[in-house]
Amino acid sequence: MSDLVVDILKPSNASMAEALFKTLGHEATGKGTFASGKAAVYAALDGYGVDNGPVRIADGSGISRHNMLTAGTIADLLVGAEDAPWFDTWHDALPVACEDGTLAGRMCGTPAAGNVRAKTGSMTSVSALSGYATDADGRELVFSIVLNDFLYSSVKDIEDKIATAVAAHAADTTEAEIGTLASEIDTPDLEALEAEADELPAAGEMPAGLECSWYEPSTC
């Protein structure tokens, strides 16, 4: 697992994540299925101070739109995992801002570079970033961002600004100073993005490159 977790988390390998999900189910019940995988995950969450009430798990990769987690739930899990014996191995396998994995080209030239370790996640109109940030005082902070139902091409710049603000934080840092550091990240042309969102095809035409669930009433 110490070897596999790097190959799963750094490049965000969905196929390997699904295989691991069903393997957990097989270890728990002898059956490697989605149902047994879900049961194993729910059982495991209890040990890390996570309230299972608002959690809905459908698969191991996070690609299913039936997965439902709040940012607060993810943050609770990140905090709870810090006491686990496997934490260091898992923490080191997370992508690092401006260094490797799915964050290799993000937050470069900011206080987040090299100081943010986080897992990315994205589908059409859904984007997330959750993990750890070492702030200006050397403290390791937890953050979780989950954005839904946006019509722009990407909101990763918003995630980067938040992660940078967390990494730039210090006991004596003012809100204005944190805002200045975060604003150094390039922000896309909002007018151009709004125009892009308005250019939806006529009803019944499924646009290339978009998931069916993003464009209705097209038949999926």
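Predicted model: local features only at pLDDT ≥ 70, side-chain atom pairs only at ≥ 80, totals over all residues.
Which parts of the structure do the buried residues of α4 pack against? Helix α4 runs over residues 71-81, and its buried residues are T73, L78, G80 and A81. Looking down the axis of α4, you would find these buried residues within an arc of 165°, so they line one face of the helix. As for the opening question, the buried residues of α4 pack against α5, β2 (126-134) and β3 (140-148).

Now turn to two other helices, α2 and α3. Helix α2 covers residues 14-29 and helix α3 covers residues 34-45. Their axes come within 7 Å and cross at roughly 80°. Angles from 65 to 115 degrees count as roughly perpendicular, and that makes α2 roughly perpendicular to α3. On the α2 side, the contact is made by E18, F21, K22, L24, G25, H26, A28 and T29. On the α3 side, F34, S36, G37, K38, A40 and V41 take part. Sorted by class, this contact has six nonpolar, five polar and three charged residues.

Next come the charged pairs. Side chains of opposite charge can pair when their charged atoms come close.

Start with D100 and K10, which form a salt bridge whose closest N and O atoms are 2.9 Å apart. D100 sits in the loop between α5 (87-93) and β1 (116-123), while K10 sits in the loop between α1 (4-9) and α2, so the pair ties together parts that are 90 residues apart in sequence. Are these two partners buried or exposed, or something in between? D100 has 25% relative accessibility, so D100 counts as partly exposed. K10 has 13%, so K10 counts as buried. The cut-off behind this is that buried means under 20% relative accessible area.

Another salt bridge joins R106 and E159, with the closest N and O atoms 2.9 Å apart. This pair also links distant parts of the chain: R106 is in the loop between α5 and β1, E159 is in helix α6 (residues 156-168), and the two are 53 residues apart. R106 counts as buried because its relative accessibility is 11%. E159 counts as buried too, because its relative accessibility is 0%.

D135 and R139 form a salt bridge as well, their closest N and O atoms being 2.8 Å apart. At 5% relative accessibility D135 counts as buried, whereas R139, at 40%, counts as partly exposed.

Our last stop is V155. V155 has a relative accessible area of 5%, so V155 is buried. Leaving aside residues up to four places away in sequence, V155 touches S127, L147 and F150. The C-alpha atoms of V155 and A128 are separated by 9.2 Å, and these two residues are 27 residues apart along the chain.

Note on methods: Residues numbered from 1 in each chain as written. Heavy atoms only, no water. Axes fitted to C-alpha atoms, helices over the stretch in contact; angles between N-to-C directions. Helix = DSSP H or I, 4+ residues; strand = E, 2+ residues; numbered from the N terminus. Parallel < 35°, antiparallel > 145°, perpendicular 65-115°, else oblique. Contact = heavy atoms within 4.5 Å. Nonpolar A, V, L, I, M, F, W, Y, C, P; charged D, E, K, R; others polar. Salt bridge = Lys/Arg side-chain N within 4 Å of Asp/Glu carboxyl O. Buried < 20%, exposed > 50% of the residue type's maximum accessible area, 1.4 Å probe, protein only. Arc of directions from axis to C-beta.
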